[in-house]
Amino acid sequence: MSDLIIGILGISITAAVSIIFLIGLVKFLVWLYYDAEARRMRGWLWVLIALVTFLIPGLIIYLILRKPASNFSYRNSKKSQLWKTSLKYFIIAIMVAVIIGGVIAYAQLEM
């Protein structure tokens with residue numbers, strides 16, 4: 001493979017993985033907002049905290065401090081299940097990145 005093709009493939013895959021990852025991130029932040037609102041907490045504040053702390057520390061703090069859900073219809077709604085679909089997008093993005101990275105590394109070895 002020529003360097004140009006490998007470069008184009010690398011940029012394309014990076015863009016695709018980034019878009020998949022961003023979709024998962026947005027879905028996760030939407031879940032965080034709805035979950036906090038259902039628990040009578042400020043959803044926008046928790047989304048902001050999660051973004052400022054680069055997601056994981058903010059999520060851990062939220063999960064420790066969150067109140068019981070006051071809205072029982074929320075527990076089985078689609079909004080309460082958004083974290084599962086966002087996790088799916090994160091896993092897909094990681095798998096695509098690893099597979100394509102392996103293909104590109106193999107192509108480099110062949111040269």
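Modeller: Let's start at leucine 29: leaving out residues up to four places away in sequence, leucine 29 touches Val47, Ala50, Leu51 and Leu55. Keep in mind as we go that this is a predicted model. Leu29 belongs to the largest nonpolar core, a set of 15 residues. Leu29 is listed among the residues with the most contacts inside that core, together with Phe28, Trp31, Leu32, Trp46, Leu55 and Tyr62.

Where does the core draw its residues from? Helix H1 (3–38), helix H2 (43–52), helix H3 (56–65) and H4 each give two or more residues to it. H1 provides the largest share, six residues. There is also a second, separate core, made of seven residues, and Ile6, Val17, Ile100 and Ile104 are among them. As a general background, nonpolar side chains in soluble globular proteins tend to be buried together.

Now move to helix H4, which runs over residues 82–110. Serine 86 sits in this helix, and it counts as buried because its relative accessibility is 1%, under the 20% cut-off. Setting aside neighbours within four places in sequence, serine 86 is in contact with Gly24, Lys27 and Phe28.

Ile99 is part of a nonpolar surface patch of about 560 Å², which is made by Trp83, Leu87, Ile91, Met95, Ile99 and Val103.

Finally, step back to the whole chain. It has four helices and zero strands, giving the pattern α-α-α-α along the sequence. The radius of gyration is 19 Å, well over the 13 Å that the globule rule gives for 111 residues, so the chain is more spread out than a compact globule. The C-alpha atoms fill a box of roughly 60 × 25 × 20 Å along the principal axes. Buried residues account for 31% of the 111 residues. The chain exposes about 7,600 Å², with carbon and sulfur atoms supplying 74% of that area. Of the contacts between residues at least 6 apart in sequence, 71% join residues at least 24 apart.

Note on methods: Residues numbered from 1 in each chain as written. Predicted model: local features only at pLDDT ≥ 70, side-chain atom pairs only at ≥ 80, totals over all residues. Heavy atoms only, no water. Patch = residues over 30% accessible without salt bridge, like charges linked within 9 Å, V, L, I, M, F, W, Y side chains within 5 Å. Areas by Shrake-Rupley, 256 points an atom, 1.4 Å probe, with all protein chains shown as cover. Salt bridge = Lys/Arg side-chain N within 4 Å of Asp/Glu carboxyl O. Buried < 20%, exposed > 50% of the residue type's maximum accessible area, 1.4 Å probe, protein only. Contact = heavy atoms within 4.5 Å. Core = buried A, V, L, I, M, F, W, Y, C linked by side-chain atoms within 4.5 Å. Rg over C-alpha atoms; globule rule 2.2 N^0.38 Å.
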